[in-house]
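Reader: I am new to protein structures and would like to learn to read one. Could we go through this one together?

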Amino acid sequence: MSLWAIVPIKPLRRGKSRLATVLSEKDREQLNQTLLVKTIACLKEVKEIDQILIVSYDPGALTISRDYGVRTIQESPNTNINKALRKGTLAAKAFNASSLLIIPADLPFIEPECVRELLGKAKKPPEIVITPDRRMNGTNALFINPVGILDYDFGVWSFRKHIEQAEQKKIRIEIYNNDRLSFDLDIPEDLEFLRQSDYSLNEFDFIK
């Protein structure tokens with residue numbers, strides 16, 4: 001029985017398409033690769049996490065992930081994040097995972113301590129610990145214990161949808177608000193926020 005972190009990621013060249021008006025395709029590819037590596041490095045420092053699983057259609061993203069010593073699953077083309085997560089969850093269950101942490105690979109401020117604090121909010125199953133994005137719209141982190149108690153509903157208003165589903169199923173809910181985890185890169189305004197941030201993020205100097 002163990003805790004697995006599952007990280008879904010779009011193809012590096014196609015991800016963050018809504019930043020196309022402010023970043024070139026090359027810069028967006030480098031941005032996505034940097035975010036992926038940062039996410040993996042962060043999760044590997046969290047001793048509570050037993051395995052990290054990257055789910056993607058992109059062979060390049062999977063190769064990078066394997067180079068960092070984590071497990072990978074190649075998703076089929078034209079999939080979506082919820083299907084990818086279901087596929088990853090089935091794989092984790094096959095290896096007797098007891099709980100899951102879903103983390104998207106677009107959180108530039110993520111740090112091991114944030115993840116440890118989130119996991120520290122867990123008490124007794126059945127439960128979820130959830131972090132919304134800063135607009136209280138999306139879901140930026142989701143801990144599920146035990147595996148399989150919640151259907152993935154990522155997309156528009158996913159934070160509200162996950163909360164409502166958990167309430168209907170009488171699952172204990174812990175909301176973990178954290179400035180670092182709540183910030184994700186999605187639209188040009190987010191990129192400008194990153195550029196003006198007080199946080200030291202040397203790995204993103206190429207977009208400043």
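Reader: Which residue of E4 stands opposite Ile-6?

Author: Start with the strands: 5 bridges join strand E1 (residues 2-8) to E4, and the two run parallel. Strands (E, at least two residues) and helices (H or I, at least four) are DSSP runs, numbered from the N terminus, and two strands pair if DSSP finds at least two bridges between them. In E4, the residue opposite Ile-6 is Ile-102.

Reader: Thanks! Before we go on, what kind of model is this?

Author: Residues are numbered from 1 along each chain as its sequence is written, and side-chain values use heavy atoms, with hydrogens and water left out. Local features need pLDDT of at least 70 and side-chain atom pairs count only at pLDDT 80 or more, while totals for chains, interfaces and linings use all residues, since this is a predicted model.

Reader: Which residue in E6 is the bridge partner of Ile-102?

Author: E4 also pairs with E6, in the antiparallel sense, over 3 bridges. In E6, Ile-102 has as its bridge partner Leu-142.

Reader: How many of the 6 residues of strand E4 are buried?

Author: Buried means under 20% relative accessible area, exposed means over 50%, and partly exposed is in between (1.4 Å probe, protein chains only). Strand E4 (residues 97-102) is largely enclosed by the rest of the structure, because the number of its 6 residues that are buried is 5.

Reader: And why is strand E5 largely enclosed by the rest of the structure?

Author: Look at both sides of E5: Glu-127, Val-129 and Thr-131 point one way, Ile-128, Ile-130 and Pro-132 the other way, and all are buried. Strand E5 (residues 127-132) is largely enclosed because its buried residues number 6 of the 6.

Reader: Which residue in E7 is the bridge partner of Glu-127?

Author: Glu-127 lies in strand E5. On the E6 side, E5 is joined to strand E6 (residues 139-145) by 6 bridges in an antiparallel run, and there Glu-127 stands opposite Asn-145. E5 also pairs with strand E7 (residues 172-175) in the parallel sense over 4 bridges, where the bridge partner of Glu-127 is Arg-172.

Reader: Is Glu-127 buried or exposed?

Author: Contact means heavy atoms within 4.5 Å, and beyond its neighbours within four places in sequence, Glu-127 is in contact with residues including Phe-143, Ile-149 and Ile-171. Its relative accessibility is 1%, so Glu-127 counts as buried.

Reader: What distance goes with the polar contact between the side chains of Glu-127 and Arg-172?

Author: A polar contact is a pair of N or O atoms within 3.5 Å; within protein, one must be able to donate a hydrogen and the other to accept it, and residues adjacent in sequence count only if both atoms are side-chain atoms. A polar atom of the Glu-127 side chain also lies 2.8 Å from the backbone nitrogen of Lys-123. For the side chains of Glu-127 and Arg-172, the value is 2.7 Å.

Reader: Which residue in the hairpin of E5 and E6 takes a positive phi?

Author: This hairpin has 6 residues between the strands. The residue with a positive phi, near 55°, is Met-136.

Reader: Finally, what separates the C-alpha atoms of Lys-93 and Val-147?

Author: Lys-93 is found in helix H3, and at 44% relative accessibility Lys-93 counts as partly exposed. Lys-93 and Val-147 are 54 residues apart along the chain, yet their C-alpha atoms are separated by 7.3 Å.
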